[in-house]
Amino acid sequence: MQKRVVLLAVPPVDELDLVGPVEVFGTANRLMGGRRTPYGVEVVTTARDRRIDGESGLSLLAHRHYQDVVGRADSVLVICGVGARTMRDRSLCGWLRRVAESTRRLGSVCVGGFLLAEAGILDGRRATVHWRYVREFTDRYPRVAVDPRPTWVQDGNIYTSAGISAGIDLALAWVEEDFGAAAALKVARELVLFLRRPGGQDQVSVSLEAQASCTKSMHELHVWMADHLEQSLSVDTLAERVAMSPRNFARVFGQEFGITPGRYLLQLRVEAARRLLEQTDKSPMQVAIASGFRSVDVMRRAFLRALGTTPLRYRRHFQTPAARYRMPSKALRGPLVAVRGEIARAARVATTSNRRLKLGVVRTRSSVRARA
């Protein structure tokens with residue numbers, strides 16, 4: 001059956017908060033739809049004239065006022081602008097509480113979480129909002145267990161997300177719940193997304209923060225460090241890379257990044273290991289080596305200090321379904337593998353022949369010396 005998705009927009013909104021999820025469900029309809037599209041998407045609003053003003057100057061027209069919604073929705077997603085996070089609307093709060101009890105999924109994008117919290121829906125639940133508003137959210141709603149790190153959080157049938165592009169991530173997660181990982185990846189590819197992020201990925205990564213460095217040399221050093229994590233990156237090595245003395249380098253680095261080089265390198269390695277654990281099926285040893293840890297035990301201690309969990313527990317919780325997928329044995333007998341096998345056999349034959357030829361030359365020389 002078609003799944004009815006209602007997007008509630010409380011204007012003014014950041015356009016991508018609304019259009020991003022709409023595009024995800026619309027793309028799913030185009031790619032998977034046959035005679036009947038999988039999603040029925042409705043945009044409703046609190047504005048009586050149905051006009052949804054955007055923060056960047058665009059205006060959209062909703063299908064209807066939210067109080068005119070008839071029937072039960074499968075999923076409801078709440079989107080509001082920064083200014084709407086302080087609104088007090090009893091009618092809207094009552095409507096949201098009724099929706100939370102009847103719908104299969106209720107979610108929010110960015111500061112839309114403020115509206116859910118105002119309605120009391122997030123009391124006693126884990127939730128997230130855009131990192132810029134975490135402190136305000138925590139102060140206003142102490143009954144909510146706020147986690148500022150993830151791009152989106154699920155607690156029961158309630159979902160909250162960090163906003164902007166994280167709204168797209170949440171919509172893709174709903175597509176995955178409904179139709180599987182392959183469908184979500186297909187939609188992500190169609191939208192030319194660089195990465196389909198799992199909910200546990202940090203809103204602000206170490207790499208992203210480093211790009212705000214005002215010094216070009218330090219920015220280039222960060223990129224180089226991220227590409228050479230498997231090496232032993234001592235302060236002397238890093239200082240030589242930017243043509244500084246170790247003492248001056250440590251001082252400048254601390255001013256730029258607000259952290260010591262060693263601590264920053266550890267954060268980079270933990271971040272790299274997390275990506276590998278989330279997106280690949282590499283063994284713990286392979287992950288440890290690729291991200292620059294000397295052993296699995298060293299990586300484990302780093303994870304416990306930085307994240308409060310072990311690499312294996314982190315993988316069980318955050319690894320994407322696509323990363324867990326292993327190619328069936330039948331697929332390994334395909335034409336490409338056969339060609340590779342032929343190449344390998346030819347290489348072995350050539351190597352063996354070369355060894356025999358060298359051995360024959362040695363024997364011939366030995367015979368000549370013996371006769372002499």
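**Labels and their tests**

Author: Strands β7 and β11 (residues 158–161) run parallel and are joined by 3 bridges. The model is predicted, so local features need pLDDT of at least 70 and side-chain atom pairs pLDDT 80 or more, while totals for chains, interfaces and linings use all residues. Residues are numbered from 1 along each chain as its sequence is written, and side-chain values use heavy atoms, with hydrogens and water left out.

Reader: What makes β7 and β11 a pair?

Author: Two strands pair if DSSP finds at least two bridges between them. β7 and β11 have 3 bridges. One of the partners is known by name: Leu 106 bridges to Ile 158 in β11. The strands themselves are DSSP runs (E, at least two residues), and helices are runs of H or I, at least four residues, numbered from the N terminus.

Reader: How do you know which strand joins β7 by 5 bridges?

Author: That is β6 (residues 75–80), which runs parallel to β7. Leu 77 has Gly 107 in β7 as its bridge partner.

Reader: Why is the unit of β6, helix α2 and β7 given a hand, and which one?

Author: A crossover is right-handed if, with the strands pointing away from the viewer, the path from the first strand over the helix to the second runs clockwise. β6, α2 (residues 90–102) and β7 make a right-handed β-α-β unit.

Reader: What is the strand order in the open sheet, and what is the pairing called?

Author: The order is β5-β2-β1-β6-β7-β11-β10, and the pairing is mixed. β5 (64–65) and β10 (152–155) are the edge strands, since each pairs on one side only. β10 and β11 pair in the antiparallel sense, over 4 bridges. Asp 155 stands opposite Ile 158 in β11.

Reader: Why is β7 called largely enclosed?

Author: Buried means under 20% relative accessible area, exposed over 50%, and partly exposed in between (1.4 Å probe, protein chains only). In β7 (residues 105–109), 5 of the 5 residues are buried, so the rest of the structure largely encloses the strand. Arg 105, Gly 107 and Val 109 point one way, Leu 106 and Ser 108 the other, and all are buried.

Reader: How many disulfides are there?

Author: The structure holds 0. Cys 80 is in none: the nearest cysteine sulfur, that of Cys 110, is 7.5 Å away. A disulfide needs a pair of cysteine sulfur atoms within 2.5 Å.

Reader: Is Cys 80 buried or exposed?

Author: Cys 80 has a relative accessible area of 1%, so Cys 80 is buried. Cys 110, at 3%, is buried too.

Reader: How do you know that the length of helix α10 agrees with its residue count?

Author: The expected span is 1.5 Å times one less than the number of residues. For the 12 residues of α10 (residues 246–257) that gives 16 Å, and the end C-alpha atoms are 16 Å apart, which agrees.

Reader: Which residues of α10 are buried?

Author: Phe 249, Val 252, Phe 253 and Phe 257. Seen down the axis of α10, the buried residues fall within an arc of 110° (taken from the directions from the helix axis to the C-beta atoms), so they line one face. On the other side, Arg 247 and Gln 255 are exposed. Just after α10, Gly 258 takes a positive phi of about 70°.

Reader: Why does Thr 309 count as buried?

Author: Its relative accessibility is 17%, so Thr 309 falls under the 20% limit. Thr 309 is found in the loop between α13 (296–307) and α14 (311–318).
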